[in-house]
Amino acid sequence: MKKVSLMIATLCAGLSISSMASAQQFKVGVVNVDRLLAESNQAKSARSQLESQFKSRDASLSSKAASIRSKNEQYEKDYPTLTDAQREGREKALKQEIDGFETERAKFESDYATAQNNMMQTLLGKADALGKSIAQKEGYDLVVTEAAYVKAEYDLTPKLIEGLK
């Protein structure tokens, strides 16, 4: 019985030591995607390009919004002196202008979101390929994008930021 207990204890100790050795060989890397998108030069450049691409449309929409507000204020000011027919005409014209503005604004927001998503997908595709390359070169077994805590030695984000210059 003592031999069996000793053999089981030895086997357990051996398994424990071998699992500790294999645990030391498993290498995990972490990428902070938010930081990558905030700090990489390619992301900054893409955001700047996106803003300049949509700047004129945004300014045009702001101008139209100001014009509509001005017309609405003038209508409210003139309201007591307007006839029913004049009120209806101005209300109809304001409603049409507001509807056109809202349609144009929705199109702008949709176009901007699509362009932003395309930019992000392109950048994340490059980051993914670079991350895989780094992981293979440095012998990482697993690379994740979410972690509660990461030691600096396992954080691949700075390497990706540097690689995406």
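Biologist: What share of the contacts in the protein with a separation of 6 or more comes from residues 24 or more positions apart?

Modeller: Those residues account for 78% of such contacts, where a contact means heavy atoms within 4.5 Å. The model is a predicted one, in which local features need pLDDT of at least 70 and side-chain atom pairs count only at pLDDT 80 or more, while totals for chains, interfaces and linings use all residues. Residues are numbered from 1 along each chain as its sequence is written, and side-chain values use heavy atoms, with hydrogens and water left out.

Biologist: How many helices and strands are there, and what pattern does the protein follow along the sequence?

Modeller: The protein has five helices and two strands, which follow one another as α-β-α-α-α-β-α.

Biologist: Why is Ser40 called buried?

Modeller: Buried means under 20% relative accessible area, exposed means over 50%, and partly exposed is in between, with a 1.4 Å probe and protein chains only. Ser40 has 0% relative accessibility, and therefore counts as buried. Ser40 lies in the loop between helix 2 (33-39) and helix 3 (41-78), and, leaving aside residues up to four places away in sequence, touches Arg35, Leu123, Ile161 and Leu164. Across the 165 residues of the protein, 21% count as buried.

Biologist: What makes Phe54 and Phe108 an aromatic pair, and how are their planes arranged?

Modeller: Rings of Phe, Tyr and Trp (its six-membered ring) pair if their centres lie within 6.5 Å, and planes under 30 degrees apart count as stacked, over 60 as edge-to-face and the rest as tilted. By this rule there are four aromatic pairs. One of them is formed by Phe54 and Phe108, with 5.7 Å from centre to centre and 75° between the planes, and that pair is edge-to-face. The pair links distant parts of the chain, as Phe54 is in helix 3 and Phe108 in helix 4 (residues 84-138), 54 residues apart.

Biologist: Why are the rings of Phe108 and Tyr112 called a pair, and of which kind?

Modeller: The centres of the Phe108 and Tyr112 rings are 6.2 Å apart and their planes stand at 25°, so the pair is stacked. Both residues lie in helix 4, four residues apart, or about one turn of the helix. Phe54, Phe108 and Tyr112 form one aromatic cluster, in which Phe54 is buried at 6% relative accessible area, Phe108 is buried at 8%, and Tyr112 is partly exposed at 24%.

Biologist: What makes Asp155 and Arg35 a salt bridge?

Modeller: A salt bridge is a side-chain nitrogen of Lys or Arg within 4 Å of a carboxyl oxygen of Asp or Glu. The closest N and O atoms of Asp155 and Arg35 are 3.4 Å apart, and the pair meets the rule. Asp155 lies in the loop between strand 2 and helix 5 and Arg35 in helix 2, so the pair ties together parts that are 120 residues apart in sequence. Asp155 counts as buried at 19% relative accessibility, whereas Arg35 is partly exposed at 28%.

Biologist: How do you know that Lys95 and Asp99 are separated by about one helical turn?

Modeller: The two residues are four residues apart in helix 4, and an α-helix has 3.6 residues a turn. Lys95 and Asp99 also form a salt bridge, with their closest N and O atoms 3.0 Å apart. Lys95 counts as exposed at 52%, and Asp99 counts as partly exposed at 32%. Elsewhere, salt bridges that share partners join Arg35, Glu39 and Asp155 into one network.
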